[in-house]
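Subject: A structure for you to explore

Hello! Here is the structure I promised to pass on to you. Please open it beside this email and follow along as you read.

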Amino acid sequence: MQMAGEGLARVRVHVLGLFIVVFTCWKFSLSYKECKKIDDCSCLTDEGEVSLKKLAETGTPRFLEIPALKAPSYKFSWNPCNPFSLGKNGSKCTKVAACLQNTILIDDYFGIATQDTATCSLGNNGECVLKYTGTGAISRKSHVAVTLRCDKSQEGTIEAPTTDISSWTVTTVLHSKYACPTSSSSHGSSGLSLGSVLVISFSCLLIVYISGGILVNVYVKHIKGKEAFPNYTFWVDLPFLVKDGCVFTFQSLGKLCGFGPSRTGYASI
């Protein structure tokens, strides 16, 4: 009884892992195939339009002075859609999309992104990336990339930006419900086709079937080796069953059409 209880406990742990796998599989299935610019803060995807207009502030940055990852002396400010100004006296950002502030000794402000340079591109993980260019120190060209990650539970938060001063590159991730595509816009499309949804669903269910069956056989039924694969005998016999079915079908069609040793079709003239 104790061994059976331990087996069931292991199954519960692994089943939880399976749900994570299926969720990851579904999340991956929602990745985009295209991401094109509509305007300075809107992108068109194959699943609809992503627009950050409801997230934008006017005159001030929506995200103010976020300490940079591994470089807290640099603070990042960003506002989608509308330009803002930040800083005092001679050193300041004027009408920018993003500003980087160096707080060492004295405050230096660099307008590292402007709204009119905004572009939309497809990231390596299938998410839309909003990219800008601007000016860093000693007039060097700067680059800002904001990955738009759909999160319906968030109004809008950004991760601590990664800052590379040697190349004046800043990257961060926006988590927001406004980063989710909507199909209500005239620019939007219908999203995934029914066939795609069925294929994705079948693939996820197949993963659950195989993984869950192996876990039950190993930890509950204590089956070892290749027999732990669920319905192992059926899957081994399946190719032969398919072959027999094909042979029977072709022989039946041959007889019906008057071919083969036993002709049951119409007599030839």
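Two strands pair if DSSP finds at least two bridges between them. This is a predicted model, in which local features need pLDDT of at least 70 and side-chain atom pairs count only at pLDDT 80 or more, while totals for chains, interfaces and linings use all residues. Residues are numbered from 1 along each chain as its sequence is written, and side-chain values use heavy atoms, with hydrogens and water left out.

**A hairpin to begin with**

Let's start with β4 and β5, which pair in the antiparallel sense over 4 bridges. Their hairpin has 2 residues between the strands, and Lys70 takes a positive phi there, near 65°. Ala68 stands opposite Ala71 in β5.

Next, look for the open sheet of 3 strands, in the order β1-β2-β3, with antiparallel pairing. β1 (35-39) and β3 (48-51) stand at the edges with a single partner strand each, so one side of each is left without a neighbour in the sheet. Between β1 and strand β2 (residues 42-45) there are 4 bridges, and Lys36 stands opposite Leu44 in β2.

How many residues of strand β15 (residues 169-176) are buried? Buried means under 20% relative accessible area, exposed over 50%, and partly exposed in between (1.4 Å probe, protein chains only). By that rule 6 of the 8 residues of β15 are buried, so this strand is largely enclosed by the rest of the structure.

Several strands pair with β15:
- Strand β12 (residues 141-150) pairs with β15 in the parallel sense over 8 bridges, with Cys150 opposite Ser176.
- Strand β13 (residues 157-158) runs antiparallel to β15, with 2 bridges; the bridge partner of Ile158 is Leu174.
- Strand β14 (residues 162-164) also runs antiparallel to β15, with 3 bridges, and Thr162 stands opposite Thr171.

The hairpin of β14 and β15 has 4 residues between the strands, and Trp168 takes a positive phi near 50° in it.

**The nonpolar core**

In soluble globular proteins, nonpolar side chains tend to be buried together. A nonpolar core is a set of buried Ala, Val, Leu, Ile, Met, Phe, Trp, Tyr and Cys residues joined through side-chain atoms within 4.5 Å. The largest one here has 35 residues, and those with the most contacts inside it include Phe76, Trp78 and Leu174. The elements that give two or more residues to this core include β9 (108-113), β11 (128-135), β12 and β15. β5 gives the most, with 4 residues.

Trp78 deserves a click. Its relative accessibility is 0%, so Trp78 counts as buried. Contact means heavy atoms within 4.5 Å, and not counting residues up to four places away in sequence, Trp78 touches residues including Phe63, Leu130, Ile158 and Leu174.

How do two rings pair? Rings of Phe, Tyr and Trp (its six-membered ring) pair if their centres lie within 6.5 Å; planes under 30 degrees apart count as stacked, over 60 as edge-to-face and the rest as tilted. The whole structure has 2 aromatic pairs. In one of them, Phe63 and Trp78 have ring centres 5.5 Å apart and planes at 10°, so the pair is stacked. Phe63 sits in strand β4 and Trp78 in strand β5, 15 residues apart. Phe63 is buried too, at 6% relative accessibility.

**Disulfides**

A disulfide is a pair of cysteine sulfur atoms within 2.5 Å, and this structure holds 5 of them.
- Cys41 is joined to Cys81 (S to S 2.0 Å). The torsion about the S-S bond is about 100°, so the disulfide is right-handed.
- Cys43 is joined to Cys120 (S to S 2.0 Å), and with -70° about the S-S bond this link is left-handed. Cys43 lies in strand β2 and Cys120 in strand β10 (residues 119-122), 77 residues apart.
- Cys150 and Cys180 have their sulfur atoms 1.9 Å apart. Cys150 is partly exposed at 26% relative accessibility, whereas Cys180 is buried at 7%.

Enjoy exploring!
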